[in-house]
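Dear colleague,

I am passing on a structure that I would like you to look through when you have time. My notes on it follow directly below.

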Amino acid sequence: MSIKLDMDKVRRENLRWVMLLGLHNAAPYGAYEEILLSIAHALYPDATQLEVRRALDYLEDRRMIELDKRPDGRWHADMTRLGTDIAEYTAQCDPGIARPERYW
């Protein structure tokens with residue numbers, strides 16, 4: 001039996017999780033997309049601003065973060081209560097985010 005991984009899907013879901021962790025660590029202030037892009041580069045050196053923005057849009061649609069799309073073109077993100085609960089493993093995480101299984 002051969003299992004084919006969809007590497008694009010794995011990357012998207014991992015990036016969403018890393019964005020949540022980055023914002024959790026930036027609480028209570030949130031973070032600009034440039035900071036989040038630098039976090040993404042630690043995992044994926046070829047990550048783009050567009051990828052980060054897509055991940056942030058997804059998380060906003062799921063009500064895990066709030067986005068402030070500023071007139072100067074910069075985006076600022078901040079965690080919601082749900083996002084914090086997901087990052088702290090106190091809420092169920094639905095598919096679409098590659099949150100590792102709790103091991104403690």
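Asp 94 lies in the segment after α4 (residues 81-87) of what is a predicted model. Although 32 residues separate Asp 94 from Arg 62 along the chain, their C-alpha atoms are 9.9 Å apart.

Turning to the helices, the buried residues of α2 (33-43) are Glu 33, Leu 36, Leu 37 and Ala 40. They sit on the same side of α2, because the arc they cover around the axis is only 105°. An α-helix has 3.6 residues a turn, so residues three or four places apart point the same way.

Helix α3 consists of 13 residues and reaches 18 Å from its first C-alpha to its last, which is close to the 18 Å expected at 1.5 Å a residue. Its buried residues are Val 52, Arg 53, Ala 55, Leu 56 and Leu 59, and since these cover an arc of only 160° around the axis, they too are placed on the same side of α3. Arg 54 and Asp 61, by contrast, are exposed on the other side of α3. The packing partners of the buried α3 residues are α1, α2, β2 (65-69) and β3. Just after α3, Arg 63 adopts a positive phi of about 65°.

Best regards

Technical notes:
Residues numbered from 1 in each chain as written. Predicted model: local features only at pLDDT ≥ 70, side-chain atom pairs only at ≥ 80, totals over all residues. Heavy atoms only, no water. Helix = DSSP H or I, 4+ residues; strand = E, 2+ residues; numbered from the N terminus. Buried < 20%, exposed > 50% of the residue type's maximum accessible area, 1.4 Å probe, protein only. Arc of directions from axis to C-beta. Expected span 1.5 Å × (residues − 1). Contact = heavy atoms within 4.5 Å.
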